[in-house]
Amino acid sequence: MNQSQNSLKKETNSNPKNFHKVIIVGGGFAGLGAAIKLKEAGIEDFILLEKAAEMGGVWRENTYPGCACDIPSALYSYSFEQNPSWSRVFAPQAEIKQYLFDVIDKYNVMPHVRLNHEALDAKWSDDEGCWIIRTPQGELRSQFAILACGPMHEPVLPKVKGIENFKGEIFHSSQWRHDIDLTGKRVAVIGTGASAIQFVPQIQPIVKQLTVFQRTAQWILPKSDMPLFSPVRSLFKFLPLTQQLMRGSLYGVFETINGGIQSPAAMKQFQKVAQWHLNHHIKDSKLREKLTPNFIIGCKRILQSNNWYPSLAQNNVDVIASGLAEVKGNTLIAADGESCEADVIILGTGFEIAEPPIANRVYNRFGQKMSEVWQGSPEGYMGTMVADCPNGFLMFGPNVAVSSSAFIIIEAQLGYIVDALKQAIQSGIHTIEPNPEITAQFNEKVQAALQTTVWNKGGCQSYFIDRNGRNSTVWPWTTFKLRERMKRFNLKEYWIDHKVEKKVKEQV
């Protein structure tokens with residue numbers, strides 16, 4: 001251990017009971033990565049709060065049939081902890097969850113984890129100079145907080161007239177009812193997003209009738225999935241460089257797509273692949289017309305599947321090209337007047353993205369909820385810090401999403417955050433918060449850069465655009481630039497305070 005790590009270690013020894021240097025909220029890949037990087041930096045005085053009885057995040061919650069990664073697993077994993085044992089190019093949910101548990105064990109993270117500790121709210125106190133995080137087990141305090149709750153945390157439940165009086169079973173895809181046998185039943189699926197295109201082909205062969213309510217058609221690319229047989233896995237295990245090369249190649253592919261999204265003209269050319277895919281599988285002209293989007297590919301999240309179109313072409317499937325408007329008993333009525341009967345409704349309606357649920361639980365120094373301040377349009381600095389929330393770091397914050405692996409964002413942000421913590425500890429800094437003038441300039445540049453992208457100009461309504469019509473989700477430049485900007489935490493871009501006017505009260 002080097003001298004700087006020793007100094008960081010010493011910093012943790014004088015903290016009172018129930019006070020920690022850092023509290024991490026969230027036990028998915030972002031929170032786990034934060035724990036690993038804190039330990040790596042020699043910052044051992046931290047705890048990780050997880051609301052559930054086990055770690056896992058989105059890969060614990062989502063267990064629907066066919067659940068798998070839509071980013072190749074060589075890229076959807078920590079760069080510092082590659083897994084040579086993936087069974088497929090796109091790993092299924094159970095393998096991804098097991099990978100997370102294996103990483104937890106390898107890096108000995110569990111001693112820092114507090115399971116069944118939901119963060120009911122987190123409030124910054126100027127009086128005490130710390131974050132006060134309330135859990136069902138009591139209050140905890142920390143100088144710094146890393147909010148790693150993830151963007152796919154809270155299901156979107158549609159507000160449909162009469163849906164509460166539906167006579168059959170109803171559930172969201174992220175809360176899959178494995179106790180319900182769908183065999184021979186009439187099933188209605190609401191939504192055609194990333195989850196639906198995975199579970200619909202799995203349930204289609206066993207149900208009596210499947211009706212898909214499609215508010216907006218999606219562009220679907222072929223999915224280059226295949227098994228990774230034993231010789232390939234052995235190669236990855238004994239020659240790790242081969243897997244690194246694969247990861248680098250995949251990163252280049254996704255970075256090319258990410259760059260292309262900034263040009264509507266380029267994406268129109270790329271769209272020809274998706275159009276061919278649709279034409280190849282859907283021969284019925286009426287169905288093909290229903291499934292043809294009216295926007296440029298990339299405006300919404302780009303989806304991949306080899307069995308979505310074939311499943312929709314089956315005799316027991318009907319696609320209603322309209323959103324669900326009303327439910328009367330077992331009858332579902334679309335906005336265009338079409339209707340169907342159903343025994344089960346499955347909501348494939350996605351998650352809150354543009355308005356992160358954690359914002360309803362975080363209070364700034366003035367006692368205002370983050371969501372109240374944002375008023376539907378999240379804003380921060382570098383997608384990581386928010387005004388009037390000193391020492392609070394937000395994973396997957398405003399305008400940091402990219403069309404690539406979430407791990408690119410996770411590792412870039414964690415490098416940035418941990419560098420901030422190391423500098424703060426080594427320099428005796430008490431608080432760090434965004435400089436409002438620099439934050440305003442940054443957001444002006446972000447919004448200006450987004451104006452010509454497919455996200456903004458592709459002709460669709462997507463979860464990237466918030467309820468005020470502002471793109472508060474996406475990083476408009478390359479991930480190379482994202483990683484470069486987050487390589488070093490520049491204290492000159494922030495307000496810092498070395499004074500500690502009041503010490504944190506020791507908790508009994």
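**Group meeting talk: helices and loops in a predicted model**

At 1% relative accessibility, Asn399 counts as buried; buried means under 20% relative accessible area, exposed means over 50%, and partly exposed is in between, with a 1.4 Å probe and protein chains only. Before going on, a word on the source: this is a predicted model, in which local features need pLDDT of at least 70, side-chain atom pairs count only at pLDDT 80 or more, and totals for chains, interfaces and linings use all residues. Residues are numbered from 1 along each chain as its sequence is written, and side-chain values use heavy atoms, with hydrogens and water left out.

Back to Asn399. Where is Asn399 found? Asn399 sits in the loop between E18 and H12. On the labels: helices (H or I, at least four residues) and strands (E, at least two) are DSSP runs, numbered from the N terminus. Asn399 is not a glycine, yet its phi is positive, about 55°. Most residues other than glycine have a negative phi.

Met382 has a positive phi of about 55° too, and Met382 is not a glycine either. Its place is the loop between H11 and E18. With a relative accessible area of 1%, Met382 is buried.

Met385 is also in the loop between helix H11 (370-374) and strand E18 (392-394). Buried or exposed? Met385 counts as buried, because its relative accessibility is 1%. Which residues does Met385 touch, not counting residues up to four places away in sequence? They are Gly380, Asn391, Gly392, Phe393, Ile432, Glu433, Pro434, Phe489 and Tyr494. Contact here means heavy atoms within 4.5 Å. Met385 and Thr439 are 54 residues apart in sequence, and their C-alpha atoms are 9.5 Å apart in space.

Now two serines. Ser195 is in the loop between strand E8 (186-190) and helix H5 (196-203). Ser195 has a relative accessible area of 14%, so Ser195 is buried. Setting aside residues up to four places away in sequence, Ser195 touches Tyr64 and Ser173.

Ser339 lies in strand E15 (residues 339-341). At a relative accessible area of 47%, Ser339 is partly exposed. Leaving aside neighbours within four places in sequence, Ser339 is in contact with Thr331, Leu332 and Ile333. Ser339 and Ala325 are 14 residues apart in sequence and 9.9 Å apart in space, C-alpha to C-alpha.

Next, helix packing. Two packed helices are described by the angle between their axes and the distance between the axes. The axes are lines fitted to C-alpha atoms, for helices over the stretch in contact, and angles run from 0 to 180 degrees between N-to-C directions.

Helix H2 (residues 29-40) packs with helix H4 (residues 93-106) at an angle of about 20°, and their axes are 11 Å apart. That makes H2 roughly parallel to H4. For the words: angles under 35 degrees count as roughly parallel, over 145 as roughly antiparallel, 65 to 115 as roughly perpendicular, and the rest as oblique. From H2, the contact is made by Phe29, Leu32 and Ile36, and from H4 by Ile96, Tyr99, Leu100, Val103 and Ile104. The crossing of H2 and H4 is left-handed, meaning that the near helix is turned anticlockwise from the far one by less than a right angle, whereas clockwise is right-handed.

H2 also packs with helix H12 (residues 406-427), at an angle of about 40° and with the axes 10 Å apart. H2 and H12 are therefore oblique to each other. This crossing of H2 and H12 is right-handed. Phe29, Ala30, Gly33, Ala34, Lys37 and Leu38 in H2 meet Phe407, Ile410, Leu414, Val418 and Leu421 in H12.

How do H6 and H7 lie, roughly parallel or roughly perpendicular? The axes of helix H6 (residues 230-238) and H7 cross at roughly 105° and come within 4 Å, and H6 and H7 are therefore roughly perpendicular to each other. Leu235, Phe236, Lys237 and Phe238 in H6 meet Pro240, Thr242, Gln243 and Met246 in H7.

Last, helix H8 (residues 264-281). At 1.5 Å a residue, its 18 residues should span 26 Å, and the end C-alpha atoms are 26 Å apart, which agrees. The expected span is 1.5 Å times one less than the number of residues. H8 has a kink of about 30°, centred on Phe270; the bend at a residue is the angle between axes fitted to the seven residues ending there and the seven starting there. The buried residues of H8 are Met267, Gln271, Ala274, His277 and Leu278. Their cover includes strand E10 (220-221), helix H7 (240-260), helix H9 (285-291), helix H10 (308-312) and helix H14 (454-457).
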